[in-house]
Amino acid sequence: MKRWKLFLPLLTLMLALCACAPGGAQTTAPPSEEPSQGEDPTIRSWNDVSWDEHMGLDYAQMFTVDYAGSFKRITIDGTVYLVVPEGVDGLPFLDMPEDVTVLYQPFENIYLQATAAMDCFRQLDAMDAVTMVGTQESGWYLPEVKEAMKAGQMLYAGNYTAPDYELIQSKGCDLALESTMIYHNPEVKEQLERLGIPVMVERSSYESHPLGRMEWIKLYGALLNREEEAEAYYDAQLAKLEPVIEQENTGKTAAFFAVTANGMVTVRKSGDYIAKAIDLAGGVYLPQGLAEGENALSTMNIQMETFYNEVKDADILIYNSTIEADLETIAQLVEKSAPLADFKAVQNGNVWCTGKSMFQESQSVGAMILDIHNVLTREKEADGSLTYLYRLK
């Protein structure tokens, strides 16, 4: 009888606990519904995450990187990406907003359509993470990419308008890295996402400051867990530039342009990073005061007459070979437009041309600033010390 009296209160307590849940239902979610936590088991809800560490940035304005433990939040022009560390499966947090793109490390099969991003992978010694590209071999000027494509280590998987979905999916693509051109074909982005392939849109070309564009290597360092390498590379480039940036402006004027097939002149807008690179190099960009608010494009076409009036007396002319064919001589330049023969820089033999690889080598900004500085300060003696510019004969 004593035993029964002892057992009765315990039985009553057990029945009371069961009654707390309707129908005796389980009061906690089954393990399969719990978020995976990896190295951060205390974080449960997205709304409770404390992003209390932040990547330091000097010039870049188009992205930020925040940290919560081993998780990273990347924001690119308002679009949020969550980088999840290796070993975490499924959605890592409860209450995940639908507009957050989840990226799972490690990245081993990237489809890279944004050609400017390739140089960051190259400088971080991480090109093996890119197995598919959106530009054919003939369109690349980076020798490492051409070699990788010849060896079959990188495959052409269609451009941004018509990607090879079957190939991309069969390779187990873990990230499609697109340029802003994808916004002209939103159905492509939607189809990639339907196939379970996350899409990140690269916007380094929208950085108005040239060193902001160079700083994007830090974003790719975050994606690849190579922040220290990215920081070291960026700091080394900055150290090379500091002596030039700190000097007084030379007051010499320089124009950066190309002549189109119909005789128009393509120039950079006054707020573009090329114009600012010339300023950082110690020069004054011409033509000045070009409309910056008309659209998001960094270039615009003007009549030769306008270019003539604004740029005729410029000390330096830099011809952009990436728009039209390479030039070798000043005579070839004048053949494109006869009025150029009257320009001061043409008559003084102070006309330079860019190499084709300059814009694919997005981390070349520092070297380009040094090139322009040498041209401005050493003029004819600068020939043997340049990386991306060469003099027209």
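Author: Two strands count as paired if DSSP finds at least two bridges between them. The model discussed here is predicted.

Reader: How do you know that β11 pairs with strand β15?

Author: Four bridges join β11 to β15 (residues 316-319). Pairing needs at least two bridges, so the two strands are paired. They run parallel.

Reader: What makes β11 and strand β13 a pair, and in which sense do they run?

Author: Between β11 and β13 (residues 283-286) there are four bridges, and the requirement is at least two, so these strands pair as well. Their sense is parallel. Ala255 has Leu286 as its bridge partner in β13.

Reader: In which sense does β11 pair with strand β12?

Author: The sense is antiparallel, over three bridges, with β12 covering residues 265-268. Ala258 is bridged to Thr266 of β12. Five residues lie between the strands of this hairpin, where Gly263 takes a positive phi near 90°.

Reader: Through what do strands of a sheet pair?

Author: They pair through backbone hydrogen bonds, and the pairing may be parallel or antiparallel.

Reader: Why is strand β11 largely enclosed by the rest of the structure?

Author: Strand β11 (residues 252-259) has eight residues, and seven of them are buried, so the strand is largely enclosed.

Reader: What makes β8 and β10 edge strands?

Author: The open sheet of five strands has the order β8-β7-β6-β9-β10, with parallel pairing. Both β8 (155-156) and β10 (199-201) pair on one side only, and are therefore its edge strands. Helix α5 (residues 186-194) packs on this sheet and touches β9 and β10. The direction of α5 makes about 145° with that of β10.

Reader: How do you know that strand β6 and strand β9 pair?

Author: DSSP must find at least two bridges, and β6 (residues 110-112) and β9 (residues 175-178) have three, so they pair. The sense is parallel. Tyr111 has Ala176 as its bridge partner in β9.

Reader: Why is Thr180 called buried?

Author: The relative accessible area of Thr180 is 14%. Buried means under 20%, so Thr180 is buried. Thr180 is placed in the loop between β9 and α5.

Reader: With which residues is Thr180 in contact, leaving aside its neighbours within four places in sequence?

Author: Those residues are Val201, Glu202, Arg203 and Tyr206. Contact means heavy atoms within 4.5 Å, so each of these residues has a heavy atom within that distance of one in Thr180.

Technical notes:
Residues numbered from 1 in each chain as written. Predicted model: local features only at pLDDT ≥ 70, side-chain atom pairs only at ≥ 80, totals over all residues. Heavy atoms only, no water. Buried < 20%, exposed > 50% of the residue type's maximum accessible area, 1.4 Å probe, protein only. Axes fitted to C-alpha atoms, helices over the stretch in contact; angles between N-to-C directions.
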